[in-house]
Structures are given as structure tokens and as C-alpha cells.
Amino acid sequence: MLIYWANDEYSITIFGHTFFQFFPDWFYNALKIPHRLSEGMAFHFLFMWFFTLNGILYILYTIISGEWRELVPKRSSFKDAWLVLLHDLHIRKTAPPQNKYNAAQRIAYTAIIIMGIGSVITGLAIYKPVQFYYLTWLCGGYHFARILHFVLTLGYVFFFVIHIVQVILAGWRNFSSVISGFEVVNETPPLVIETPQPVVEIPQPVIGTSPPIQTTNEDEHPE
Amino acid sequence: MSTPNKKEKKELTVEQKITRRTFISFSAFTVLAVGAVEGWRWLYKSPKEAAGITAGTRVPLRRALNKTELFFRRLVFSENHLVKTYPKSMAAKRVRVNADIGIEAQNKFDPATWKLQVIKKGGEVLQITLQELMILPKTEIIYDFKCVEGWDQISHWAGVKFSDFIKHYQLDDYAKMQFVGMETPDQGYYIGIDMPSAMHPQTLLAYEVNDKLLPLQHGAPLRLIIPVKYGIKNLKRIGTIAFSNTRPRDYWAEQGYDYYSGL
């Protein structure tokens with residue numbers, strides 16, 4: 001947040017008319033954060049390391065563990081995601097069958113990774129536009145790279161809000177499974193005592209790498 | 001593991017396993033969460049650096065800024081990486097004026113009597129007039145001027161290449177030092193530049209904007225145009241130039257900004 005102060009640079013202006021101002025003065029005054037650009041930049045250039053390293057470790061983990069199979073959208077996911085959305089909005093009664101993650105989750109969790117890579121690339125393109133001139137070129141020039149970087153940040157905020165709302169709606173048992181990596185499902189009461197089958201083990205990324213809770217919380221602070 | 005232990009493990013019931021795994025993972029989660037919160041708190045409350053060449057930011061953050069900048073400099077900085085240039089038609093007609101620190105209008109200044117002062121070893125001062133500089137080969141650049149506050153503008157400047165200036169006045173020995181410092185005549189604004197950036201082929205001592213002599217608000221009679229740095233390093237109205245092996249003082253580095261601010 002600190003880095004957006006100054007000159008009202010962040011607005012949607014078309015032909016000299018400002019349609020929307022992302023960070024008007026009252027916003028900054030209310031939060032008591034004007035004139036802290038340098039502080040914001042200092043935080044930014046430290047936390048970018050955590051952001052990048054965390055992202056690399058997470059991607060490596062999903063590849064090595066094979067978890068990526070659960071996360072990457074399938075061909076049917078794009079159609080199913082729409083049904084999931086309708087279901088979640090209580091417009092439709094049934095949701096399409098799913099594995100660990102539903103179609104909408106697959107799209108969201110893959111998109112956030114692509115966005116993260118996008119943030120690193122556009123970030124480098126703005127940070128060192130002369131030295132990484134090829135990245136700047138790839139991002140459509142310095143000015144456009146800046147816009148992309150900003151839009152991606154808005155995307156994280158959007159993701160974060162939806163994500164937290166969904167976690168709350170999904171309830172405690174779901175949250176518990178995010179932390180512990182499994183969820184206990186009691187199927188029909190066992191008839192014979194020897195059938196040890198009540199545990200459905202769902203190997204989840206271990207705490208440190210579960211994408212939502214960790215990354216978003218810490219990394220978004222300085223922005 | 002010893003045998004009795006193994007035996008014990010086997011005897012764990014499903015419920016016990018569940019409790020155990022849940023306990024372990026929630027403990028780990030709590031430890032990490034508390035660690036993250038405490039780490040943030042430690043960082044946020046860490047003391048400000050002692051005021052010196054740099055000031056105004058937290059000690060760990062300053063260390064991170066310096067290390068990060070040097071990391072990227074070693075990794076990718078090259079004199080051969082040139083700033084992208086544009087055709088003249090794209091240059092802004094009205095060039096943005098963002099600040100007047102060190103050149104405030106209420107302070108009387110006469111460009112006609114101005115001389116550039118280059119401070120040499122042993123207190124010797126080289127005095128150079130604008131006319132003398134204008135005899136040297138003129139270099140033009142039309143590039144995207146970038147401000148740390150988030151705006152950028154394509155603008156058209158012309159002047160003497162800093163490296164040409166060094167050669168012409170036989171300052172090559174000075175250019176082997178690590179830094180160059182520049183200050184306004186009233187010493188109200190001052191910058192420090194690492195030598196590789198100063199000697200970059202696109203760094204100019206500029207006296208023209210849009211083919212006309214600089215107006216006062218753009219730093220008449222002579223200003224620095226250094227495309228490999230943010231705007232804050234593009235000092236207006238150069239009074240003195242000095243060389244050193246330690247970092248010269250820098251106005252914005254004292255206000256918490258990165259000392260190098262390189263692009």
C-alpha cells in the first residue's frame with residue numbers, strides 16, 4: 001500500500017478524464033500512510049525475496065510430490081468450473097464430481113501460480129528495465145509492465161478475499177484438513193471391528209507450502 | 001528404532017493416529033504462524049539506522065536494500081545494456097517538472113555568471129563555463145525518464161556525454177575512483193553515483209531539452225541526465241562535481257531511499 005502514494009498515479013484515466021482513482025487522498029489520510037513511499041519500497045524489495053523463494057519451493061514441491069496432477073485444470077475443468085460457481089452461489093443444487101479439488105479450485109490454484117510468475121517477471125521488468133531490457137520488452141514496455149504488475153496485485157487481493165470467504169464457508173473441518181493434510185470421513189458404521197477403513201487419507205501439501213494461508217498473509221502486508 | 005517401540009506403534013488405534021497427526025500438524029502450524037507474526041513484529045519494530053550517508057530506514061531493511069542492489073548489479077549490470085531510445089516525435093512537448101529542491105525560485109540565481117566547479121585533489125578547483133562545454137561533441141537522447149513515484153515520460157535531452165567530459169578534461173584518474181558526487185550551487189540537493197553508472201555511454205551533462213537551452217525549472221544551465229537511474233539521481237543545476245572512493249552524500253538516501261536506485 002505504501003508504494004502507491006504520490007501523484008495519484010494509480011487511476012483509470014481516458015482522454016484526460018479520470019474515471020476511477022484507486023487511492024484517493026482520503027484513503028491515505030484515513031490509514032495515516034502518506035509520505036511513506038521509501039518505507040514501502042524498502043519492505044517491497046525485502047519481501048520480494050520471500051515471495052519468489054516461496055513460489056519456487058511450492059512449485060518444486062508440487063512437481064516432486066506429484067501434487068500438480070490435482071492442481072492443474074483438466075480439459076473438463078473449464079466447463080465444470082461454471083457449474084461449481086453456480087453451485088456455490090446456491091443457484092444449482094449439485095456440483096460436478098471432483099477429486100481433491102473441484103474444477104474452480106484447479107483453475108484458481110493454477111492461475112495464482114501463473115500470476116505469481118507474472119508478478120516476478122513484470123517486477124524485474126520494472127525494477128531493472130535497462131538490465132532486463134528483454135523482460136521489459138516481453139511485458140510490452142516499461143509503462144505497460146507497471147500496469148500489469150499493478151493489475152496482478154489487484155488480482156491477489158481478489159483471490160485473497162474469495163479464498164478467505166470460501167475457507168470460512170467451508171467450515172472448521174475443511175480448515176483442519178488444510179492444516180493436517182487429511183480429513184476424517186466416517187462412512188457407514190463398521191460392522192466388523194477388523195475393517196480398519198474409516199480414514200480417508202488425503203496427502204496435502206504440508207503446512208509450510210499450503211498456498212493460501214502462508215503466502216498471502218505475509219507477502220501482501222508490505223504492499 | 002528398537003523393537004518394543006515398533007510394537008507399540010502397531011498397537012495405536014486409528015483414533016490415536018488421527019489425534020496424533022492432527023496434534024503434530026497443528027503444533028507445526030502454530031509454531032509457523034507465531035513465527036511469522038513475531039518475525040513481522042521484529043522487523044516492524046527494528047530500530048532506524050544511525051544517520052550517515054544513508055538514513056531514515058530500518059536497519060534490516062537497509063541491509064536488504066544494499067545487498068539486493070549489489071546482487072543485481074553483479075548479476076546483470078553492463079555498460080552494453082542501453083536504455084531504450086525513441087524517435088523524436090514521441091518526446092513530450094511539455095516536460096514534467098516534479099521538484100525544485102536546491103533550485104527554488106525564490107533563491108536568486110544567475111545562469112550567466114555560473115561556472116561548473118570540478119573539485120580535484122589538493123583543493124584544486126577546475127572552473128568550466130557553459131560555452132566551453134558546448135564546444136565538446138553534443139550527444140542527444142530521447143528516452144523514457146522514470147520516476148520512483150510511479151510516473152514516466154519520454155523526453156528529449158542533449159548535452160555532453162559524461163565520459164567525453166572526463167576524457168576531455170583529463171580526469172581519467174578520477175574516473176578510476178568508485179563514486180562521483182554532485183551538488184547544487186546552494187548545496188540544497190546532492191547525489192552520489194557509482195562510477196560505472198556515471199561512465200555509462202548514455203549519461204549526459206545536459207544543457208538542452210527539446211532542442212532549446214534548459215529553462216530554470218529544468219535545471220539551467222547544466223543538469224545531469226542519467227538514464228540508468230531513477231529521476232531522483234538526475235540532479236538539476238550542477239554546481240560542483242567531486243570524486244571519491246566512499247559514497248558521497250545523497251539527498252534521498254538520507255530520507256530512506258535506496259542509495260543506488262539503479263535501473
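Predicted model: local features only at pLDDT ≥ 70, side-chain atom pairs only at ≥ 80, totals over all residues.
1. Start with the overall form of chain B. Its 263 residues give a radius of gyration of 27 Å, whereas a compact globule of that length would come out near 18 Å. Along the principal axes, the C-alpha atoms take up a box of roughly 95 × 45 × 40 Å.

2. On secondary structure, chain B carries 6 helices and 10 strands. Buried residues account for 33% of the chain. If you look at contacts in chain B with a separation of 6 or more, 68% of them join residues 24 or more positions apart.

3. Now the inside. The largest nonpolar core counts 44 residues, and Met182(B), Leu204(B), Leu205(B) and Ile238(B) have the most contacts inside it. Strand β7 of chain B, residues 204-209, supplies the largest share of this core with 5 residues.

4. Leaving out residues up to four places away in sequence, Ile238(B) touches Leu116(B), Met182(B), Leu205(B), Leu222(B), Arg223(B) and Leu224(B).

5. There's also a second, separate core, made of 11 residues. Residues from both chains turn up in this one, including Phe47(A), Phe51(A), Ala64(B) and Leu65(B).

6. Last, the interface: 30 residues of chain A are in contact with 34 of chain B. On the chain A side, α2 (37-65), α7 (142-170) and α8 (172-180) each give two or more residues, and α2(A) gives the most, with 7. Sorted by class, that side of chain A has 18 nonpolar, 8 polar and 4 charged residues.

Key
Residues numbered from 1 in each chain as written. Chains lettered and ligands numbered in written order. Core = buried A, V, L, I, M, F, W, Y, C linked by C-beta atoms within 7 Å. Buried ≥ 20, exposed ≤ 12 C-beta atoms within 10 Å, placed from the backbone. Helix = DSSP H or I, 4+ residues; strand = E, 2+ residues; numbered from the N terminus. Contact = placed C-beta atoms within 7 Å. Rg over C-alpha atoms; globule rule 2.2 N^0.38 Å. Nonpolar A, V, L, I, M, F, W, Y, C, P; charged D, E, K, R; others polar.
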